[in-house]
Amino acid sequence: MKANCWYGKRDVRVEDVPDPTILNPRDAVIRITSSAICGSDLHLYNGLIPTMQAGDILGHEFMGEVVETGSRVDNLQIGDRVVVPFPIACGSCFFCQSKLFSLCENSNPNAWMAEKMWGHSPCGIFGYSHMLGGYAGGQAEYVRVPYADVNHIKIPEGVDDEKALFLSDILPTGYMAAEACGIQKGETVAVWGCGPVGQFAIASAFLLGAGRVIGIDRFPYRLRMAREQCGAEVLNYEEVDVYEALRDMTGGRGPDACIDAVGMEGHLPGLLGAYDRVKQALMLETDRPPVLRQALLCVRGGGTVSVAGVYGGLLDKIPFGAVVNKALTIKSGQTHVQRYMQPLLERIVAGEIDPSFVVTHRMSLDEAPEGYETFLHKQDECMKVVLEPGRTTDGNGRAVSGFTGPY
Amino acid sequence: MSAMQAATHPAGPLPGARIGRSYGAESGSRPADSSLASGLGWFSIGLGLTEVAAPRALSRFLGLDDHRHLIRAMGVREIASGLGILSALPRPAGWLWTRVAGDALDIGLLLAALGYTSKPGRVLTALAAVGGVTAVDALTGDRLTRRSDSDAAAATGASSIDLIESVGVMPGPSEAYAFWRRLENLPLFMEHLESVTQTDGERSHWVARGPAGKRVEWDAEITRDQPGEEISWSSVEGSQVVTAGSVRFVREPAGRGTLVELRMRYSPPLGVVGALAAKVLGEDPESQIKEGLRRFKQMLETGEIPTTEGQPSGRKRERLAALRRHEEQRRLEQGVGL
């Protein structure tokens, strides 16, 4: 089959690789119909996530059709259309039983690596470094899904791929980030980063009762989407002082909750931004945290900072004094996707949510490297790239079936 | 520390099983020695800084000509000793001996200085002070050295190794016990075991891969069997491998299933040297046991052990394999006239 493989910093290539097979009794193999590039894939693309190996297959936001099941998968049929959550959960350990699926104790075969880094290991994740399991990802024609009886949600006929696909990651991620804010009716929430997760966090904050949501970014097209599609007020941090602006907008008190939907590659104009870039390049810090710093300073006393963006290691100069002296709550975590898929699918089916508005680019799997470049450099107002392995360009942009392999 | 002391009797009974382990204080760390060593470390740094910062004043004080380079060098040596001691706490024995060596050097230089100083009284006072400090250094160094020797002897001198690991599993104690009690299951999660065969109710035959792929076999018998609570076993007399183990199953509160605690004692086939070599090769028993318990949990909770072995990747070997398969398929298809 064809698969998009990582070979190093800014080097991904679509290669012919063997087809996946059933390796364990609870596995299934899925023929992928849609697979997205995630903002967190750009951290891999930029070479910032340790324990990647040349040749690893990328991709953790995907859906498709079941083509093979292991002997112990009894709730899936060949041909079922499913979305697969990015965190791999066993369903039976202490954390899965507590609905903290992304902390599954059993799904990471390389748990010892993560234990060295973080003390304990979270779950395994598709296509996201060997420290998180080294599982082959879903930017491919086929993928093997471990514990497939737990890690799927069936998508009814009549719901398009584009509406269902983001149940795999970014829709629940934005939702969980907003839910973590414990929003009281009418409260104000500020959201750093108006990429797809930021957009869904804004929409979810309104859904959960926020009176005002303020979106912060530097790309006018992203701010426009936040304003027009999600109803946010917006701030361009290259034009205004965010701290001052948020004070002015909230009577000097600050937003009730702040969401960091940026993570480890935050940008900051000026000297401090250069300082973080130098430190990261010299490996004196692994993550650039300007957004987290700013959120901690901006949020009101007793407020919540909810971190949806990915951080991986060591951060420098975090104003922790603000956490203690302003009595803040910090919430974070890889998304417990399995917890949110069913209720969110119901809202999609009912027509209350249509997450497909973030899709700006549809490409064939072969065009994945181009997709990464476009997304990284925010060319062509790129918001979200969806790869369709079944799509080959026939010159007229018509989808032509291009599958290879035994199924 | 009871486990360590018991280790001097390799095949003896395991120390009374109790959940949780004891850390630190019992392992023979006498706080007084450590804080004395810490004081000596800071003293080194203080003296060293004085020597580096004011070598001329020091020369004058001792009634000597300007020896500022020599005194600065001595200062640097003092600081290095001090930093070494502080960073190696609570076991700085080696660094303390560098202080003793430095003291000897100081005494030698002061004795030489006696010959031509203009203020012999001050040099004599300095000699007395250094002599006193040397005594303290040597005493502390000696006590710390003896202690780390005896720790090492307790841990390895008797050629036996003790391990305690635990893991939490969701199924209840009786289910966890039953899975373990079928000794044939052990190689499913203990990777260094090739097979365990129950020969009769109590006795079993064990085959394992030792260090460097060497095959080792022994017979063991169950010495204690409390259904749903505990299983203990030990190798029978005259075995090639001397080993004893015990696993306890304790119900956890608040619906958290079972705490499984494994205690193992064994004598590595090639002795302590073999154990060290195994550690270097990443085959050390501690991580084997830890990973083994993790797999026990995975088998018990999910019925399988997660793996990525055999999955596709874009690495060269696998891409070539894929290419060969495609070629073969094409040939086959052509062969049957498709």
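The legends below describe several close-up views of a predicted model. Local features in this predicted model need pLDDT of at least 70, side-chain atom pairs count only at pLDDT 80 or more, and totals for chains, interfaces and linings use all residues. Residues are numbered from 1 along each chain as its sequence is written, while chains are lettered from A and ligands are numbered from 1 in the order in which they are written.

**View 1**
The buried residues are I170(A), L171(A), P172(A), T173(A), G174(A), Y175(A), M176(A), A177(A) and A178(A). They pack against strand 5 (61-69), helix 6 (196-207), strand 14 (257-260), strand 15 (304-307) and helix 12 of chain A. Helices (H or I, at least four residues) and strands (E, at least two) are DSSP runs, numbered from the N terminus.

**View 2. The crossing of helix 5 and helix 12 of chain A.**
Two packed helices are described by the angle between their axes and the distance between the axes. The axes of helix 5 (residues 170-179) and helix 12 (residues 337-349) of chain A come within 9 Å and cross at roughly 100 degrees; axes are lines fitted to C-alpha atoms, for helices over the stretch in contact, and angles run from 0 to 180 degrees between N-to-C directions. Helix 5 of chain A is therefore roughly perpendicular to helix 12 of chain A, given that angles under 35 degrees count as roughly parallel, over 145 as roughly antiparallel, 65 to 115 as roughly perpendicular and the rest as oblique. From helix 5 of chain A, L171(A), P172(A), Y175(A) and M176(A) meet V337(A), Y340(A), M341(A) and L344(A) of helix 12 of chain A, where two residues are in contact if their C-beta atoms, placed from the backbone, lie within 7 Å. By class, this contact of helix 5 with helix 12 of chain A has eight nonpolar, no polar and no charged residues; Ala, Val, Leu, Ile, Met, Phe, Trp, Tyr, Cys and Pro count as nonpolar, Asp, Glu, Lys and Arg as charged, and the others, Gly among them, as polar.

**View 3. Helix 12 of chain A, with its kink and its cover.**
Helix 12 of chain A has 13 residues, which at 1.5 Å a residue should span 18 Å, and its end C-alpha atoms are 18 Å apart, which agrees; the expected span is 1.5 Å times one less than the number of residues. A kink of about 25 degrees is centred on P343(A) in this helix, the bend at a residue being the angle between axes fitted to the seven residues ending there and the seven starting there. Its buried residues are V337(A), Q338(A), Y340(A), M341(A), L344(A), L345(A) and I348(A), and what covers them includes strand 7 (87-88), strand 10 (153-154), helix 4 (161-164) and helix 5 of chain A. G351(A), which follows helix 12 of chain A, has a positive phi near 80 degrees.

**View 4. M63(A) and its surroundings.**
M63(A) has its place in strand 5 of chain A and is buried, with 25 other C-beta atoms within 10 Å. Leaving aside its neighbours within four places in sequence, M63(A) is in contact with residues including T33(A), S34(A), V82(A), V83(A), V84(A) and I155(A). The C-alpha atoms of M63(A) and K154(A), 91 residues apart along the chain, are separated by 9.8 Å.

**View 5. Two loop residues of chain A with positive phi.**
Most residues other than glycine have a negative phi. R10(A), although not a glycine, has a positive phi of about 55 degrees; R10(A) lies in the loop between strand 1 and strand 2 of chain A and counts as exposed, with 12 C-beta neighbours inside 10 Å. E381(A), also not a glycine, has a positive phi of about 50 degrees, and lies in the loop between helix 13 (368-376) and strand 18 (385-388) of chain A.

**View 6. The contact between chain A and chain B.**
The contact takes 35 residues from chain A and 25 residues from chain B. On the side of chain A that touches chain B, the elements that give two or more residues are strand 1 (2-8), strand 2 (11-16), strand 4 (56-57) and helix 2 (94-97). The residues of that side divide into 18 nonpolar, 10 polar and seven charged.

How values were computed:
A residue is buried if 20 or more other C-beta atoms lie within 10 Å of its own, exposed if 12 or fewer, and partly exposed in between; C-beta atoms are placed from the backbone.
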